[in-house]
Amino acid sequence: MEISRRALLGTAAAVATVPVARRARAQANTIKIGVLNDQSGPYRDTGGPTSVICAKQAVEEFQSKGFNVEVIAADHQNKPDLGASIAREWYDREGVDLIIDVPTSSVALAIAGVSKEKNKVHINVGAATSDLTGKSCSPTLVHYCYDTYMLAKSTGGATVKAGGDSWYFITADYAFGQQLQKDTTAFVTAAGGKVLGSSPYPFPGTTDFSSFLLQAQSSGAKVLGLCNAGGDTVNSIKQAKEFGIKMRLAAMLMFVTDVNALGLDAAQGLVLTESFYWDLNDRTRAFTNRVKAKTPNNWPNMIHAGNYSGTLHFLKAVADMGVAEAKKSGAAIVERMKKMPVDDDCFQGSIRVDGRGMFPSYLFEVKKPSESKGKWDYFKTLVTTPADQAWRPLNEGGCYFVTA
Amino acid sequence: MMGFSRGQAVAFLLMTALVVVAPFVLYPVFLMKVLCFALFACAFNLLVGYVGLLSFGHAAYFGMGSYVAGYAAKVWGFTPELAILAGTLTGTGLGVVFGWLAIRRQGIYFAMITLALAQMNYFFCVQAPFTGGEDGIQQIPRGRLFGVISLQNDMAIYAVVAVVFLFGFLLIRRIVHSPFGQVLKAIRENEPRAISLGYRTDDYKLVAFILSTAIAGAAGATKALVFGIATLTDVHFAMSGEVVLMTLLGGLGTIFGPVMGAFVVTAMENYLAQFGAWVTVTQGVIFVACVLAFRRGIIGELGAKLRLAL
């Protein structure tokens, strides 16, 4: 008998380490926003804490229309199952009304599924896959300010217009890289350019790009397209610099925050596409001035700006409907968001019926160190693609609820 | 009761009671995740704790189980129990092939071979069309159990997961305490001696390996149904590392240890998520502290204190 009592005590003590489950019930007059992204891994700077700051900034600036707004955040560590379980718990127990950001395609698709099931709003800002408004589209989802199609179109098509008419690709050999190369090739040839060749490399695990870079160089192409992401892109740019590659580098997926990490010395001359840059105009500068004190080492890129603008647009739609009505259905909120024009300091445009945010895209060139006048002065604009041409046409996405 | 000692019987009843009561207190989806990982860690522990074979590639069986179950449920319209069975068979099949190769070596070589095979499996999953590459298999339906009972409700599927977990747990316990399990422990302690006693140790090791991978496959399959997704995370070597962490933290070679370890690691991941970067740091610190000060793990230390084999 004594033994079992001990076993009981022992197990009880172990159970005491259980974190106390917080029972936060949904409050009728509070709108709760969850920022779910990578706070510790490779996408920390492109999203991470600065996204949370920007979402909070939007809440602060939003003139309260008789309801409270609360922002919470969590790290999904780029694990879809962790992301999905946090999302479920947020919707079921915390009374969250909107999940925003969510980089990494696999996590984004999982969260889109959960949000659809629970009829709650998901504004995706961080993930690239154009499937979110295509075959995986959902009536409760808005995909905010970039996707693979728009990147390929702007960087591929617009670079040709700016003089880069012969291309060579270095491609991560898996679905994402291949898709990017295929899309970009289509835009390059449509714009009158030609593709001279490509080097697919094994993914993941390749860190030495030297032989691919030399092959690219010897092809005689003017532009080197990097169909990869994250650390691979950074490595290939650095190595291209070390090998003195004279081609113009075009990164298919890169942000101003990555340029900051690389430094102008290595990144100069690179072209890339974003839909937001802090130094675009007076309004973007005004926005950046308001938030930069809160995030002095990581100024907003398009994902951060998207979190600000998405949150603000969501809150405007909720205010327009009334909280009681908005709480009932995520699909109804998204419906309202699609009807209202987006107009804030970062983005001006609209949300299309399939959930696609319609904003202009910009092809930027990274400045030389001598041209940069100050902190974060990195880009000059080469080509602007207007909103109606920047994105995949509505009828090509294959979204099930779009009737052409 | 199945050869339980009194202490173990009490601990088992306690655990069962907790499994039954917990979903009314904690969030069921979180608990299902714990149970899936607990089963996975138990399967891993069967191999490392009782045969002394440290596999660094258990994510392969877990992940493939999850992919195949997901694919079967989504594309072929399998019912949940058949999907889990398909995942288990996948784990078994992979275990036969990988195990047949790997058990020929011991120690670090065994670990490296399992790691290498798991990495090959990972690359296969990145490229193969049916896994959906880095997007994974999404929106796997939970389906209807035996074609009748809808598992859409969290509590309904929780019951299924709990049954799968308890069944797996008891199976492992039965294996460990069977004459077969005694031979395994003999191999762990002194393989040449077991050979000299006339045991064909390679056969024993292979069977233990396959049992472990089959249960790992079942755990992966169950997880795919719970979350409706099967992705690269499950086959990545970080997952193989995580299961080592769970087992060490809970207590290597204890029957309850991996369950506790899985609970602690998953709880950290879930409940510390709001503190951002601190999750991974905390995990690291706890791991170091555990290895330095509590080498027997939580349950191992507890068992030693209470002079019980938990």
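1. A:Asp101 sits in strand β3 of chain A, residues 98-101. Strands here are DSSP runs of E with at least two residues, helices are runs of H or I with at least four, and both are numbered from the N terminus. The phi angle of A:Asp101 is near 90°, a positive value in a residue other than glycine. A:Asp101 is buried, since 33 other C-beta atoms lie within 10 Å. A residue counts as buried with 20 or more other C-beta atoms within 10 Å of its own, as exposed with 12 or fewer, and as partly exposed in between, with C-beta atoms placed from the backbone.

2. The model is predicted: local features need pLDDT of at least 70, side-chain atom pairs count only at pLDDT 80 or more, and totals for chains, interfaces and linings use all residues. Residues are numbered from 1 along each chain as its sequence is written, while chains are lettered from A and ligands numbered from 1 in the order in which they are written.

3. A:Trp376 also has a positive phi, of about 60°, and is not a glycine. A:Trp376 belongs to the loop between β14 (361-366) and β15 (379-385) of chain A. With 18 other C-beta atoms within 10 Å, A:Trp376 is partly exposed.

4. Strand β15 of chain A holds A:Lys380. A:Lys380 is partly exposed because it has 14 C-beta neighbours inside 10 Å. Leaving out residues up to four places away in sequence, A:Lys380 touches A:Phe364, A:Glu365 and A:Lys367; contact means that C-beta atoms, placed from the backbone, lie within 7 Å. Between A:Lys380 and A:Ala73 there are 33 Å from C-alpha to C-alpha, and the two are 307 residues apart in sequence.

5. In UniProt, an unreviewed entry places the feature "domain: Leucine-binding protein" at residues 30-367 of chain A. UniProt positions are given in the numbering used here, feature names are shortened, and annotations may be inferred rather than shown by experiment. Over residues 30-367, chain A is 45% helix and 20% strand, with its end C-alpha atoms 45 Å apart.

6. Between the chains, 41 residues of chain A are in contact with 42 residues of chain B. On the chain A side, α1 (2-15), β2 (68-75), α3 (80-94), α4 (105-118) and α6 (175-190) each supply at least two residues. α3(A) gives the most, with nine residues. By class, this side of chain A has 21 nonpolar, 13 polar and seven charged residues. Ala, Val, Leu, Ile, Met, Phe, Trp, Tyr, Cys and Pro count as nonpolar, Asp, Glu, Lys and Arg as charged, and the others, Gly among them, as polar.

7. Within chain B, the axes of helix α1 (residues 6-25) and helix α6 (residues 154-176) come within 11 Å and cross at roughly 165°. Therefore α1(B) is roughly antiparallel to α6(B). Axes are lines fitted to C-alpha atoms, for helices over the stretch in contact, and angles run from 0 to 180 degrees between N-to-C directions. Angles under 35 degrees count as roughly parallel, over 145 as roughly antiparallel, 65 to 115 as roughly perpendicular and the rest as oblique. B:Thr16, B:Val19 and B:Pro23 of α1(B) meet B:Met155, B:Tyr158, B:Ala162 and B:Leu166 of α6(B). Six of these contact residues are nonpolar, one is polar and none is charged.

8. The axes of helix α11 (residues 257-271) and helix α13 (residues 297-306) of chain B come within 7 Å and cross at roughly 135°, so α11(B) is oblique to α13(B). B:Gly257, B:Met260 and B:Gly261 of α11(B) make the contact with B:Gly297, B:Ile298, B:Ile299 and B:Gly300 of α13(B). This contact has three nonpolar, four polar and no charged residues.

Terms used. Two residues are in contact if their C-beta atoms, placed from the backbone, lie within 7 Å.
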